[in-house]
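Please review the following briefing alongside the sequence and the coordinates. The points are grouped by topic.

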Amino acid sequence: MALFLLIFAVCMLVICSVVGILLLSRTPRYRTEPRDLLTLFDKTLEGNIGETEWNTIIGYPVRHDEYLENVRRRAQRLMDEHGRPWKAARGEPLLSPAGCEELSILRDHLAAHTALRERQRHEH
């Protein structure tokens with residue numbers, strides 16, 4: 001009987017510990033930052049990106065920054081209008097020339113906005 005109680009107590013301790021750890025741990029979260037989008041846009045403009053990498057970042061909503069969410073949506077719209085994933089699979093650019101031009105403008109706007117935010121953050 002004592003052996004049974006010892007095994008039961010050890011099992012309960014292990015099970016309760018696992019449940020406690022699972023309850024206290026959070027799920028991992030990906031937080032898109034401006035530098036992530038700038039890197040993605042640069043790689044796209046250079047023609048060094050595939051559809052999967054594009055969709056991984058652009059397909060994930062940005063909930064912590066409304067401006068970045070708007071940039072993400074504009075980039076998603078660019079893919080819908082100018083995307084050529086079938087050509088990207090053969091090593092060609094992911095976007096049409098018109099799409100690359102619009103993406104370049106969006107990238108420059110994001111870079112200027114990010115630089116302005118950093119400057120304002122350092123002044124305060």
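**Cysteines, core and helix packing**

A search of the whole structure finds zero disulfides, a disulfide being a pair of cysteine sulfur atoms within 2.5 Å. This is a predicted model, in which local features need pLDDT of at least 70 and side-chain atom pairs count only at pLDDT 80 or more, while totals for chains, interfaces and linings use all residues. Residues are numbered from 1 along each chain as its sequence is written, and side-chain values use heavy atoms, leaving out hydrogens and water.

**Cysteines**
- The sulfur of Cys11 lies 11 Å from the closest cysteine sulfur, that of Cys16, which is too far for a bond.
- Cys11 is partly exposed, at 40% relative accessible area, whereas Cys100 is buried, at 17% (buried is under 20%, exposed over 50%, partly exposed in between, with a 1.4 Å probe and protein chains only).

**Nonpolar core**
- The largest nonpolar core has 21 residues, and Leu37, Phe41, Trp54 and Leu110 have the most contacts inside it; such a core joins buried Ala, Val, Leu, Ile, Met, Phe, Trp, Tyr and Cys residues through side-chain atoms within 4.5 Å.
- At least two residues of this core come from each of α2 (34-46), α3 (51-58), α4 and α6 (helices are DSSP runs of H or I, at least four residues, numbered from the N terminus).
- The most is given by α4, with six residues.

**Packing of α4 and α6**
- Helix α4 (residues 66-82) and helix α6 (residues 97-123) pack at about 170°, with axes 10 Å apart; axes are lines fitted to C-alpha atoms over the stretch in contact, and angles run from 0 to 180 degrees between N-to-C directions.
- The two helices α4 and α6 are therefore roughly antiparallel (over 145 degrees).

Note on methods:
Parallel < 35°, antiparallel > 145°, perpendicular 65-115°, else oblique.
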